[in-house]
Amino acid sequence: MTKVRVPSGAGESRGPLGLLLVAVPVFLLGWMTVWPILSGLVTTLFPKDAAGFSLELYDRFFSDDYSLDNLRLTLWTCGVTSLILLAVSVPLALYLRFARGPLASYVQTLAMFPMFVPSIILAFAFIRVLGPNGTVDTILNALGLAKIRSPYLTVWGPVIGLVWDNIPLTVLILTSGLGAVPNPAIEAARDVGARPLTLFVHIILPRMWSSIFVVISLTILGLFTAFTLPYVLGPASPEMMGPFMQRTFSDLRNPEMALTQATIVMGFCILFGLFYVRSVARNRRD
Amino acid sequence: MLRRHFMLSVAGSAVGMLVLPKVAFAEAGTIDWYTNSDTNILDFWTNTVAPKFEVANPGLKLNIVDAGDGMDAITQRALAALETKTDPKADFIEQGDPLSPKGAMEAGLYANLKDSLSNWSKVNPLGIETDFAVPYRGSQVLLAFDGTKVTPEDAPKTFEDLVKWIKANPGQFIYNRPDKGGSGGNFVRRVIHEVNGRDPSKFTVENFTPEYAEKMLAPAWELLKDLAPSLFEGGAYTGGNTPSIQLLSQSAVTMIPAWSDMALQNIANGVLPETTGITQLTDLAFCGGFARSVVFANGANRDAAIKLADFVLTEEIQSAIISELGGFPGVAWDYVSADLRQKYQAVVPSSIPTFPGGDWGSAINDGWYRNVAPNVDRNA
Amino acid sequence: MSADTVAVRRRARRRPDWAGLGLGLALTLVILVPMLVVITWSFSNVWRYPSILPQQMGLKFWQATLARADVWSALVTSLSLASVVTLLSTVICLPAAYAFARLKFWGRDVLFFSFLAGQAFPKFGLLVAIAAIFLQLNLISTFWGVVLIQLVGTLLFMIWIPVAAFQAVDRRMEEAARDAGAGPLRVFWSITLPQAAPTIFSAVLLSFVGTFYETEGAWLIGAPQIRTMPVLMITFINNQPVIQYGAVLSVLLWVPSLVALVFTRRVIGSSTFARGFGG
């Protein structure tokens, strides 16, 4: 950004004009997002049982094993999902970066498809295919093989669903990150006899790190607040934070605690969000 | 906290006032009616209750809304409307709990039906919990099983039999999470009855204390934990009444607890094969439950909604609940037509064990999540 | 670029595209097959385990679904909501994106990143608070109330992606045009916008599709008058023992997706699009 030369002429009026142009979206964001978040934060810091400021609700969360288990499961799911997501998406992105032709278009179209499938349909398809006596079981049964151990209602259910859901955005960002790898560099390395693995580790990977950071932080941001997939596909307990918060809010009728959980989730998100912001800011400067 | 919330939302609205035109909006005479019950109830209202009510009360209409999992959001919205003295855009809830959200009943969110309904005196006293909800239909949980694998003679007759059967047939039984539907919820309640001498009278709305609940529920958790390894997938629990029925219809499991009306209707429409069998325990039946309707006191169509609540207690609707829905009436049996009474009274017990809601419900659900659900090693 | 492409082509001719075949096959299995299963379900009247194909195929459930008046009115509601929201979002976000990309003003970076806030805080925590505000404004259960809440949901996409597009525009061309005497508006209209258009277009389509499928806000703010397709669909899937209704609605909902996919495929792979998210 600093490299941008401000064209002569309108330079002086830029300050107010810029603010004016962003005013409406910023107002909407402040009114319907920032404001409720702040008021929620106030509610959790001044619980109705306490006379004034109190961290009691947070204390209760962090001293409750059950809540901590749920938090742990959420972190575990985030970690495993991110790893699998990278393992799936990096080869796809590499392929899409360098390949051309009808086959590449086909692969690209399929890789983008999940972006247009809402979670609820995904959950539905998941149960029909991988669920008990679903398609996979039916086929295995017809071949005379044993049934699979269905991931439906286990911790792997949400993982598979979330990976599926996040493939398009991950592939997109990684592909664009690979745009930073110049073809001549690869050609040159290949000409001197570099093997694909060496090529990947020494030439490609160093240039991908920032996109990988972006992908991971963005995914985790989404996973923490994910609700539909963990709720429909996951086990009853431990729960991921999304369904847990919902249950605390409506079934246990404890909105204060639910808001506390939400704030804690947001704390983690901000942590990962900072990674994200840093890598984005770095890329913006380039 | 209420006041602070109020101040915050007033401030938020004040900001909005500046930029938004005020939109006048009200549809007089249309009752906004919500349910989170399963489809059979929705169909019953759409095809039977609503037309009859609209004929009997010209000028009034029902707007039937299936809330699914979104019922709580609507109740919360109504509570927010109460605090801000605005129209909640909701009048009647087919199956509500006036004890939820906490403090809402005291704050005046629900209309007092005991004082407003002319038919209140007909209501089956067993079903009454508060003056703010009218029990209008009952249903019972029973066991539904795959008749090709279990003959009716071999089906469990007592709870002890059921435990034996579950353990002898690992992976063939599943119940849903108790907060996600009454079939699993009442299975869990039956276990609570079992470990407390099969005496439903030990549990009332008034006698709840956290300590008492802890003492009464703890042995039930032990029994359920003991059962868990023999359940489907070594301890999986579905997310509702319907998913359990789907597992049974896919032959993934052999036996489930199910609502009587849902089981019968799904056999009738072919979702469950004709070979599906149903049975009830004879030592103590599974808990039944009454669906209790509530009316929001701050709804724009409050009076019409109260008329509707009165209407569902009439003999016409109560008889339809028995004959069309396969449920049992919310009124005492004396107030249904004589031939129906004779035909069904032998089949349907005149009283079914029930379990109080409110704090007990929360204690059971949360206790189950904390004690039963996690203690399962599923090689995760 | 063209030299690279030639180089790639030359290599490709040397041996079959094994990687492509493998990936294509794998994706077909994990992405296409589940979708085909759902489509098959929608056309089956009876399908019980352990038969590989439905015991009885037919249009029974398509007819039953399409005969319901609420399905059609929900589809119309969804389409008009998504169009209005996307249009409004375009009108308010594109100027903002331009400002974020090109102008310097007070608090620019902080404001830019604050759009992430909506992603970090769980939605239900926001929604009830927003509902309380909307109640007083009489926006509950109205079309415009839902528009407003969904509009907020599109802000992140509609600002971040176009910002990348505006930044990627070649400045030298703009300056050349200006040197030739074109005014700033004309430069924007004939140089900047055409170059940024493909990426902006994909952002517009994404927010259209995203709005179309949004459920929580649509339910809490829209009930009982405003019923969208996905809201209808969730109740179908959750409480409906007949699987086929859900399958039919799923297939029905893919139609807008597929149209969008065909439209976006050309632009969506371009690197400017992903750069919107920092890649």
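How many residues of chain A are in contact with chain C, and how many of chain C with chain A?

Author: The model is predicted, so read everything below as computed from it. In the contact you ask about, chain A puts in 83 residues and chain C puts in 81. Look at the chain A side. Helix α1 of chain A, residues 14-45, supplies the largest share of it, with 19 residues. By residue class, the side of chain A that touches chain C holds 55 nonpolar, 24 polar and four charged residues.

Now cross to chain C. Its domain assignment gives two parts: domain 1 covers 2-61, and domain 2 covers 62-275. These two domains touch as well, with eight residues from domain 1 of chain C and eleven residues from domain 2 of chain C. Two elements give two or more residues each to the domain 1 side: α2 (18-42) and α3 (60-66) of chain C. The largest share of that side, four residues, comes from α2(C). In the domain 1 side of chain C, five residues are nonpolar, two are polar and one is charged.

Domain 1 of chain B takes 31-132 + 290-345, and domain 2 of chain B takes 139-287 + 358-372. The C-alpha centres of these two domains of chain B are 27 Å apart. Where they touch, seven residues of domain 1 of chain B meet ten residues of domain 2 of chain B. The domain 1 side of that contact has two nonpolar, three polar and two charged residues.

Stay in chain B for one strand. Strand β7 of chain B runs over residues 288-295, and eight of its eight residues are buried. Side chains in a regular strand alternate between the two faces of the sheet. In β7(B), one set that points one way is B:Gly288, B:Phe290, B:Arg292 and B:Val294. The other way point B:Gly289, B:Ala291, B:Ser293 and B:Val295. Both sets are buried, B:Arg292 included.

Which strands pair with β7(B)? One is strand β3 of chain B, residues 92-93, antiparallel over two bridges. There, B:Phe92 has B:Val295 as its bridge partner. Another is strand β4 of chain B, residues 134-146, antiparallel over six bridges. In that pairing, B:Val134 stands opposite B:Ser293.

How values were computed
Residues numbered from 1 in each chain as written. Chains lettered and ligands numbered in written order. Predicted model: local features only at pLDDT ≥ 70, side-chain atom pairs only at ≥ 80, totals over all residues. Domains from an automatic or database assignment. Nonpolar A, V, L, I, M, F, W, Y, C, P; charged D, E, K, R; others polar. Buried ≥ 20, exposed ≤ 12 C-beta atoms within 10 Å, placed from the backbone. Pairing = 2+ DSSP bridges.
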